Amino acid sequence: MKTLHDDLGLRRVINARGTYTPLGVSRSPEPVVKAVAESLRHFISMDELSNAAGQRIMELTGAEWGTVTHCTAASITLAVAAIMTGGDSAKIRQLPDTRGMKRRVVMQAGHLVNYGQAIEQAVRLSGAEVIVAGSEAECAPADLERALSGASVSSLLLVSSRLCGGDMVPAREAVARAHDSGIPAIIDAAAQDLRLREVLATNADLVLTSAQKYLRAPTSGLVLGRRELVEAVRAQERGIGRGMKAGKEAFIGALAALQYRRDLDMAAWAREQEDKAKGFAAKLDGVAPLRAELVPDPTGMPFSRVRVWVDSATCGKTAEKLAGELAQGDPLIAVQDHDNEAEALMFETVALTEAELETVRDRIVHLIV
Ligand SMILES: *Cc1c(COP(=O)(O)O)cnc(C)c1O
């Protein structure tokens, strides 16, 4: 049978980089695929779907309310907008012109991440402006307080991600300080759905997570939190959010993925991931110029990645060169960017099958000897 890849002349991809947008992010489990396919066969009242989704998201996540957007980048723009406008339809129509609204969004310097777009731009799209607290190396509580007490501050935007750097005020404390100043807090936890309860426990007013990353839904963003703000996010669809809306297939897919997650035995899943990562590390650790080790996820997600050190003197090529060659082949093998690109490769094995990991091993062995 002709595959989708053959039909369009595309290479197959073995994605050991992680939930990476330019590689199609994730592969959905069968119940999600079925739910999405079914949604495409029907007309649906989107208002009814939106209400039902809020209810279902509440039951599945424990958040007060929730909705679905096109993706987390959209959720950031819309969350910031929702806090500026509330449910006021004149203000919603007025954006991105923010005249008469508080328009400053405080961010700690170490949270100015780039996920393929600089996060500040997602904020600025709403008409808001970013005020940076602290330096890249450090944001002390006093730096945060100073920024929060400035004129025209509308919200605090925090990021929970392994892309963050420096010594920043921890989420729970930062949220408390914002609340002390009467300012709502948003957390971008795009790739943190596996620790969603922990993020919700920070008391943030809005928590944003991507449904297409570890949740493996079609591209969509989940917005969870205070009902009135979630409704204000949804209301942006009659304004700047029109181009950021989720279709019926995104709503249905995200709900199916949340349900799939609820039914998953997380302890068994985590054990399976650990075994898979260990097995892959063991496959490579014996190979001459390589040394492999497990690296726990720095944000506390329940899995480890595999770091493979490449002794370039013996091997004749750097880790960076090897990564380039892995990406040139067919199938395309993608590995993760790493701080010490020249010396080590990083593999995320979560999404991969044993057969794919075997292919990766064979290709690496072929390339280094
Ligand atoms: C992936 C990511 C985003 C963007 O999410 P999309 O759903 O792809 O728009 C935003 N912030 C962080 C920290 C991310 O990792």
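I began with the ligand, which sits in the largest pocket. A molecule counts as sitting there if more than half of its atoms lie within 2 Å of the pocket's grid points. A pocket is an open set of points on a 1 Å grid over the protein atoms alone, where a 1.4 Å probe fits, with protein on both sides within 12 Å along at least five of seven lines.

The model is predicted: local features need pLDDT of at least 70, side-chain atom pairs count only at pLDDT 80 or more, and totals for chains, interfaces and linings use all residues. Residues are numbered from 1 along each chain as its sequence is written, and side-chain values use heavy atoms, without hydrogens and water.

I looked up the ligand's surroundings. The residues around it include Thr21, Cys71, Tyr115, Asp188 and Lys213 (a heavy atom within 4 Å).

I then checked ligand oxygen atoms. One is 2.9 Å from a polar backbone atom of Ala73. A polar side-chain atom of Ser210 lies 2.8 Å from a ligand oxygen. For Gln212, an N or O atom of the side chain is 2.9 Å from an oxygen of the ligand. Taken alone the ligand exposes 390 Å², and the protein buries 90% of that (Shrake-Rupley method, 1.4 Å probe).

Next I turned to Ser75. I found Ser75 in helix α4, residues 72–85 (a DSSP run of H or I, at least four residues). Is Ser75 buried or exposed? Ser75 is buried, because its relative accessible area is 0% (buried means under 20%). Ser75 touches Thr69, Leu208, Gly221 and Val223, not counting residues up to four places away in sequence (heavy atoms within 4.5 Å). With Thr69, the Ser75 side chain makes a side-chain polar contact at 2.7 Å (N or O atoms within 3.5 Å, one able to donate a hydrogen and the other to accept it).

Technical notes. Helices (H or I, at least four residues) and strands (E, at least two) are DSSP runs, numbered from the N terminus. Buried means under 20% relative accessible area, exposed over 50%, partly exposed in between (1.4 Å probe, protein chains only). On a 1 Å grid over the protein atoms alone, a cavity is a set of points where a 1.4 Å probe fits but cannot get out, and a pocket is an open set with protein on both sides within 12 Å along at least five of seven lines; lining residues have an atom within 4 Å of a point.
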